[in-house]
Amino acid sequence: MGSFANFHKRSIEDRDSFWAEQAKTVDWEIQPQQICDYSNPPFAKWFVGGTTNLCHNAVDRHLKDRGDQAALIFVSTETEQEKTYTYKELHAEVQRMAAILKDFGVVKGDRVLIYLPMIAEASFAMLACARIGAIHSVVFGGFASHSLATRIEDASPKVIISADAGSRGGKVVAYKPLLDEAISLSSHKPKAVLMVDRHLSEFAKVAGRDFDYAQAREKHFNTQVPCEWVESTHPSYTLYTSGTTGKPKGVQRDTGGYAVALASSIPNIFQGKPGETFFCTSDIGWVVGHSYIIYGPLIGGMATILYEGLPIRPDGGIWWSLVEKYKVSVMFSAPTAIRVLKKQDPALLTKYNLSSLKALFLAGEPLDEPTAKWISEGLGGTPIIDNYWQTETGWPILTICNGVEKAPSKFGSPGKAVYGYDVKLVDDQTGEELAGANQKGVLTIEGPLPPGNLQTVWGDDARFVNTYWKTVPNRMLYSTFDWAVRDEDGYFFILGRTDDVINVAGHRLGTREIEESISSHPNIAEVAVVGVADQLKGQVAMAFAIAKDASALGDAAARLKLEGEVMKVVDNQLGAVARPSRVLFVSALPKTRSGKLLRRAIQAICEKRDPGDLTTMDDPLALKQIQDVLG
């Protein structure tokens, strides 16, 4: 067995000693007394009895050796601002924010809701909460009032931190009216609202409730706020999963387990080293932003880039220019973003010196093989490493751990099970494990979930058990709700959600399989496939595609010609049973702001049903296009 195989095996079979070693990579005020308490499955408690602090591990412990090193690099192409904070400067700003929160009476265990754009103050706020033991709940900036209200209701924050506005593609999005309406809709009322005024949008203050951040900051020029040492099992934050029906699920994360998981992942998965620069293009409203914009890189002693803007503004080379300027060694983005860049001038990929870049990591949705090949070739062979995980897990479940042992990527696969994860493929009808190669099953994880994964659903232990642990028949396994296969080499391939399976005349087809096939046509940039109810076959597949070159699709005959070509590709690759009933062409696909396809909404439109809650949608016109092409 190779070194990674041994590394992974030890993490499962000799769990406590393995994680005791990993725990040495963070600072503890009191050392853990017990590595893992799994006496009450499926609830796992990690590093029991130990006390630590996320902010100390991300900021304070680096002051001695790298206080003058860059820690936070804020870049906004929306407001044309660029500012670098050293670890010392970040430490000072976080203490000022912490002092403001303490002035509002925030103490350990209180909740603080953060509703901010991608600005430096958002990172100060998150780290300040961690510093004093408050539990932050970040809500994606610009979320609609109703969605924001449900999160205020559930988290019941003592303080909300917000801004006058955000900006996207040069268009100002006013936050304050959305926030005011959300507070009016919620039965919970915060004690205070702290406003960061970016001077993008005028707003009215609510007397006695709203306070100006700049004024409050001036009062605390040199205020010292020590870190609050908290139990390892103390909640660090809640983060609400998007796209759920009914009451949103607040994923609850611990402190010690999360710190250890992230500290371990930076060298072992991302090959990051202290003093290097990490550029994650996500948003702090999503789990990737929590783990790999804010906490992970800083815990690892790296500089981290916080970027506000689009990947194509001022042009499609902006991200690569930042890689060159700040000598980025690790970059983390999403397949959606790469598919957007695919439409830009390919010369932009070779315009900048990208020699510092060790690898480009992609996650958030399945990475199709054509996109992976395109970006790999465009970056001159820079390793493209897919990784697969969830809001619930906090860090990757599947990827290539090149920091442990170099291994090749396989296009279309996020890789192998990461250390700590006892991944099993099981039959969805019987719960039996599928140990052989190339068998399709539900991707599950044997408990205990490793450090850094969710402790429970905020305020609802029963929902945690019933949602994640009781869906596989006859087994107590955590379900990812994703279909997958594993090949002879142990590489997994994700086939789509278990609830996105299309049943065509008794044949079960994953939307991912069909999408990948359609994407291999040379004139297809992006595609979404949904199952639509059909009286004869139960369901049929319907595809909505974006052409790389749409100039030739001006008339119906041209569209029918391309549709026929695409269907022939699917016939040849998957068989006639997988052929979509239609392939219709649009210029945009409906997605959430985090870049996930809204397949449920597309399916509902196809079936002439109400698409439901669309508050997370990025571009409402994309769904109207679907309606228009359906006629």
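Predicted model: local features only at pLDDT ≥ 70, side-chain atom pairs only at ≥ 80, totals over all residues.
## Briefing: loops, cysteines and helix contacts

Residues are numbered from 1 along each chain as its sequence is written, and side-chain values use heavy atoms, with hydrogens and water left out. Helices (H or I, at least four residues) and strands (E, at least two) are DSSP runs, numbered from the N terminus.

**Loops and backbone**

- A cis peptide bond also joins Pro41 to Pro42, with omega near 5°.
- Pro42 sits in the loop between strand 1 (34-40) and strand 2 (43-48).
- Glu80 has a positive phi, near 55°, although this residue is not glycine; its place is the loop between strand 4 (70-76) and strand 5 (81-86).
- Glu80 is exposed, with a relative accessible area of 75%; here exposed means over 50%, buried under 20% and partly exposed in between, using a 1.4 Å probe and protein chains only.
- His199, another residue other than glycine, has a positive phi near 60°.
- The loop between strand 11 (192-196) and strand 12 (210-212) holds His199, which is exposed at a relative accessible area of 69%.

- You will find Lys108 in the loop between helix 5 (87-103) and strand 6 (111-115).
- With a relative accessible area of 44%, Lys108 is partly exposed.
- Leaving aside residues up to four places away in sequence, Lys108 touches Ile132, Gly133, Ala134, Glu228, Val230 and His234; contact means heavy atoms within 4.5 Å.
- From C-alpha to C-alpha, Lys108 and Gly452 are 20 Å apart in space, and they are 344 residues apart in sequence.

**Cysteines**

- The whole structure contains 0 disulfides, a disulfide being a pair of cysteine sulfur atoms within 2.5 Å.
- For Cys129, the closest cysteine sulfur is in Cys55, 10 Å away, which is too far for a bond.
- Cys129 is buried, at 0% relative accessibility.
- For Cys280, the closest cysteine sulfur belongs to Cys401, and at 17 Å that is too far for a bond.
- Cys280 is buried as well, at 1% relative accessibility.

**Helix 10 with helix 11**

- Helix 10 (residues 256-268) packs with helix 11 (residues 287-299) at an angle of about 80°, and their axes are 9 Å apart.
- Axes are lines fitted to C-alpha atoms, for helices over the stretch in contact, and angles run from 0 to 180 degrees between N-to-C directions.
- Helix 10 and helix 11 are therefore roughly perpendicular to each other; angles of 65 to 115 degrees count as roughly perpendicular, under 35 as roughly parallel, over 145 as roughly antiparallel, and the rest as oblique.
- On the helix 10 side, the contact includes Tyr258, Leu262 and Ile266, and on the helix 11 side it includes His290, Tyr295 and Ile299.
- The residues of this contact between helix 10 and helix 11 divide into 9 nonpolar, 4 polar and no charged; Ala, Val, Leu, Ile, Met, Phe, Trp, Tyr, Cys and Pro count as nonpolar, Asp, Glu, Lys and Arg as charged, and the others, Gly among them, as polar.

**Helix 16 with helix 17**

- Helix 16 (residues 511-519) and helix 17 (residues 556-574) pack with their axes 9 Å apart, at an angle of about 120°.
- Helix 16 and helix 17 are therefore oblique to each other.
- Glu513, Ile514, Ser517 and Ile518 of helix 16 meet Val566, Val569, Val570, Gln573 and Leu574 of helix 17.
- By class, the contact of helix 16 with helix 17 has 6 nonpolar, 2 polar and 1 charged residues.

**Helix 18**

- Helix 18 (residues 599-606) is mostly covered, as 7 of its 8 residues are buried.
- The buried residues are Arg599, Ala601, Ile602, Gln603, Ala604, Ile605 and Cys606.
- Their cover includes helix 16, strand 30 (524-534), strand 31 (538-547) and helix 19 (620-630).
- After helix 18 comes Lys608, with a positive phi near 60°.
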